[in-house]
Amino acid sequence: MPKEPEPRVDVDLSIRVFGLDAQGHPFSQKAQARNISQHGAKLAGLDKQLKPGDVVGVQYGEQKARCKVIWVVDAGEVQKIEAGVKMVEGQPCLWQKEIATTAPPGIDRSVSAKPKAKPKEDKRKFPRQRVPFPLEIRDPQGVGAPMKTRAADVNGRGCYVETMLPLPTGKILSVTLWLGSKKVTTPAIVRTCDGGVGMGIEFTGLDLATQELLQQEVDAMAAESKPKNVKGAF
């Protein structure tokens, strides 16, 4: 049987798109998200040419997600460049609220609605948490100054760092992080490089006990960052 198309909603949301254009130049610009779905959108008003397969960052309000470009068309002087994007696996839906409140009759408006198809099993040993986890990145040979930054998401085995100038895939690093008052340094490797957006880093030297300790730390940070419903407040 043919696959049922994903429900889509026509909107006009102001967003920010950033990354590298088709010529490899970094950019950051305002644009519009239209015809949104749980897993993607049509972007309009882009000034920079993109190409299918590019990964760009999209920000709506305070939320950000990495998206893969599926198609690109030149829509003329008014609409400029349009692009269809699909959110990278594991990234949040930026417009869940808009889908829930503007979906036409017949579409489940519940924020917690799940797609009919069974999602692919997440093969990561630990779940990723979108918390600003501090860490320090340096060249293991001591070349250059260390980079003090915060991971955009992290788990016991690795993290994603947002940066306009990510390091190339396969680059060996030394990463220092803190678990409570304990300083931990581990060798690491860049596994993914999304130009103008960021890089995925795998921690290659953490034993299982330390991985579990790191996961407990980020899980606790994620729990603390969730809004709490206060009842009976005066």
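Biologist: What percentage of the 234 residues of the protein count as buried?
Modeller: In this predicted model, 41% of the 234 residues count as buried; buried means under 20% relative accessible area, exposed over 50% and partly exposed in between, with a 1.4 Å probe and protein chains only. Local features need pLDDT of at least 70 and side-chain atom pairs count only at pLDDT 80 or more, while totals for chains, interfaces and linings use all residues. Residues are numbered from 1 along each chain as its sequence is written, and side-chain values use heavy atoms, leaving out hydrogens and water.

Biologist: How many helices and strands does the protein have?
Modeller: The protein has 3 helices and 13 strands, which are DSSP runs numbered from the N terminus (helices H or I, at least four residues; strands E, at least two).

Biologist: Where is Ile 70 found?
Modeller: Ile 70 is found in strand β5, residues 63–74.

Biologist: And is Ile 70 buried or partly exposed?
Modeller: Ile 70 counts as partly exposed because its relative accessibility is 44%.

Biologist: Turning to the loops, where is Asn 35 found?
Modeller: Asn 35 is in the loop between β2 (26–34) and β3 (40–46).

Biologist: What is the phi of Asn 35?
Modeller: Asn 35 has a positive phi of about 50°, although it is not a glycine. Asn 35 counts as partly exposed, because its relative accessibility is 23%.

Biologist: Which share of contacts between residues at least 6 apart in sequence joins residues at least 24 apart?
Modeller: That share is 56% in the protein, where contact means heavy atoms within 4.5 Å.
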